[in-house]
Amino acid sequence: MIDYSVVPSPCYVLEEKRLVRNLEILNRVQREGKAKVICALKGFSFWNVFPLVAEYLNGATASSLNETLLAKEMGREVHVCAPAYRANEIEQILSCASHITFNSFSQWNLFKKETLKKGISPGIRINPEFSTVEVDLYNPAGRYSRLGVTKAEFKPEFLEGIEGLHFHALCEQNADALEAVLEKIEANFGEWISKMKWMNFGGGHHITRADYDVEKLISILNNFHKKYPGIEIILEPGEAVGWQTGELVSSVLDIVHNEIDIAILDISVSAHMPDCLEMPYRPMVMGSDLPSVKAHTYRLAGNSCLAGDIAGDYSFDEPLHPGSKIIFMDMIHYTMVKTTFFNGVKHPSIGVWKADGFHLLKEFDYEQFRGKLS
Ligand SMILES: Cc1ncc(COP(=O)(O)O)c(C=O)c1O
């Protein structure tokens, strides 16, 4: 259990023990579902703990040259899947990758020769045109989606050399959603599946969430193996790797009053928890409740100029003061990866909590802020 009193503010802190718990669940899926699980770096890029991740998972999946280079540092398989590759980066990507997925036949045809020359296993991303994701921003299979080849655009005449099919159509979902998408995939692309060496079921599987039906996932994977023997299944969750592994520790700088009490924190919701505004969602805060449930209610707000830089309204047992710690729960996946230096607000440090206590890994200063600008 993290002792937050020794964690500086602001700071993202990951608890290693909780990561191991997630990795053990994912490893069970690998073992019992005879699948490879790789870590989607877009959702979890906490590279300090890559050696631990590599003990359990088969590698990582990258969506850019930068992520490809980071994936290579994990020392296991490097899968790459991006909407489009740049001609001046493909060589470097291919020199790191074990698998590469193309989002269109035009990109495949453009880079086919180099891919085959390097002996990298190529795949094509397909779009099931079906998904149960409710938020458009996070639905890769909605109408007009650019992500993956639809049935109408699928060109079997260009399949020569392609070894895998890739789909990604879930977001924070349970095994029943995968079952429904898989049915659609089989209906639209079934005849090509058995011609492949591998099939990538993408991410969005919330495998490490308490109510996720791991048994059902394992049974879906085993049924697929029975139907399509010899085809390797790959799952590439990001969020499920970092799910509930750590917090963003912040503290109150000032309390202002404008009809309501507003606590100004030493972080920015916009810069350091962007998903809360994008999705949007209300982050959980340790020891808090909904407004007016506990004795003291505050609006928790960020330290930027953005009027909407607000986490939400929360109530606490005790009044807040400058210096009070506010701990935002579950801030290690996506959040940490998507931060910005907006307004120059001090970027939270990064730390890890191990069996022997807190380790500060990184602090951000003026040089990093300035270095991003010109
Ligand atoms: C192609 C692909 N694979 C994997 C993932 C990881 O998804 P998640 O972090 O929801 O598991 C994403 C997320 O956008 C993705 O686009």
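Reader: Which distance separates an oxygen atom of the ligand from a polar backbone atom of Glu239?

Author: A polar contact is a pair of N or O atoms within 3.5 Å. Here the backbone atom of Glu239 and the ligand oxygen are 2.8 Å apart. This is a predicted model, in which local features need pLDDT of at least 70 and side-chain atom pairs count only at pLDDT 80 or more, while totals for chains, interfaces and linings use all residues. Residues are numbered from 1 along each chain as its sequence is written, and side-chain values use heavy atoms, with hydrogens and water left out.

Reader: Which side chains have polar atoms facing a ligand oxygen, and at what distances?

Author: In Tyr334, a side-chain N or O atom lies 2.6 Å from an oxygen of the ligand. For His168, the distance from a polar side-chain atom to a ligand oxygen is 3.4 Å. The protein buries 86% of the 400 Å² that the ligand exposes when taken alone (Shrake-Rupley method, 1.4 Å probe).

Reader: Which residues surround the ligand?

Author: A residue counts if one of its heavy atoms lies within 4 Å of the molecule. Among them are Ala40, Lys42, Arg125, His166, Gly203, Glu236 and Pro237.

Reader: How many disulfides does the structure hold?

Author: A disulfide is a pair of cysteine sulfur atoms within 2.5 Å. The structure has zero. Cys96 is in none, its nearest cysteine sulfur being that of Cys81, 16 Å away.

Reader: Is Cys276 buried or exposed?

Author: Buried means under 20% relative accessible area, exposed over 50%, and partly exposed in between (1.4 Å probe, protein chains only). Cys276 is buried at 4%, and Cys96 counts as buried at 12%.

Notes: A polar contact is a pair of N or O atoms within 3.5 Å; within protein, one must be able to donate a hydrogen and the other to accept it, and residues adjacent in sequence count only if both atoms are side-chain atoms.
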